[in-house]
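User: I'd like to go through the labels on this protein one by one. Tell me what each label rests on.

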Amino acid sequence: DRLTKSERSAYRSADRSIADYVEGWKRREVGALVDLFHHAAIRSVSGVEGVRWNHASIERSFKEELAGSIGQQSPELEAVTLGARPIGGRMVMAFGQWQGKSKEGGRVTEGGLWGNVLLQDGDQVKIILESAGVYQP
């Protein structure tokens, strides 16, 4: 294993964060999703219009996004962490891939890339910046 202790810690934090995100999405629990974010976080994703910041705005964005997806074949979210590294202090940069699959038949309906900045605080991990987009070749 060529990773340093801080690199392994960064990857574990990122992987835990994305697993918690996918689980919150799967359960359609807006509150659980919002709790993954730092109180002053920024969310910029292709599924929601505009840039959102702070918990109230991020909560509205999840409500909009989940309401839209429920009417569009209720996609199940899958995501993987491809990499993560410490970027100073307790901050971690992480990136990966995601895809949405239909509940009926598991057909991939959309997919893309994500890149987040996270804050590590002991066992707690909070999203400072979420950025994700749909990949369209």
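User: Why is Glu 65 called buried?

Analyst: Buried means under 20% relative accessible area, exposed over 50% and partly exposed in between, using a 1.4 Å probe and protein chains only. Glu 65 has 16% relative accessibility, so it counts as buried. Before we go on: this is a predicted model, where local features need pLDDT of at least 70 and side-chain atom pairs count only at pLDDT 80 or more, while totals for chains, interfaces and linings use all residues. Residues are numbered from 1 along each chain as its sequence is written, and side-chain values use heavy atoms, with hydrogens and water left out.

User: Where does Glu 65 lie, and what does Glu 65 touch?

Analyst: Glu 65 belongs to helix α3, residues 54–70. Helices (H or I, at least four residues) and strands (E, at least two) are DSSP runs, numbered from the N terminus. Not counting residues up to four places away in sequence, Glu 65 touches Trp 25, Arg 43, Val 45, Gly 47 and Val 48. Contact here means heavy atoms within 4.5 Å.

User: What makes the Glu 65 and Arg 43 pair a polar contact?

Analyst: A polar contact is a pair of N or O atoms within 3.5 Å; within protein, one must be able to donate a hydrogen and the other to accept it, and residues adjacent in sequence count only if both atoms are side-chain atoms. The side chains of Glu 65 and Arg 43 are joined at 2.5 Å, so the pair falls within the 3.5 Å limit.

User: Which side chain does Thr 81 pair with, and is Thr 81 buried or exposed?

Analyst: Thr 81 sits in strand β3, residues 76–88. Its side chain makes a polar contact of 3.0 Å with that of Asp 15. Thr 81 has 7% relative accessibility, so buried is the label. Asp 15 is also among the residues that Thr 81 touches, along with others including Ile 18 and Trp 114.

User: What about Ile 18: buried or exposed?

Analyst: Ile 18, in helix α1, has a relative accessible area of 9%, so it is buried. Leaving out residues up to four places away in sequence, Ile 18 touches Ala 79, Thr 81 and Trp 114.

User: What makes a group of residues a nonpolar core, and which residues have the most contacts inside the largest one?

Analyst: A nonpolar core is a set of buried Ala, Val, Leu, Ile, Met, Phe, Trp, Tyr and Cys residues joined through side-chain atoms within 4.5 Å. The largest has 27 residues, and those with the most contacts inside it are Tyr 21, Leu 33, Phe 37, Phe 62 and Leu 118. Helix α1 gives the largest share, six residues. Leu 33 is in contact with Tyr 21, Gly 24, Trp 25, Phe 62 and Leu 66, leaving aside neighbours within four places in sequence.
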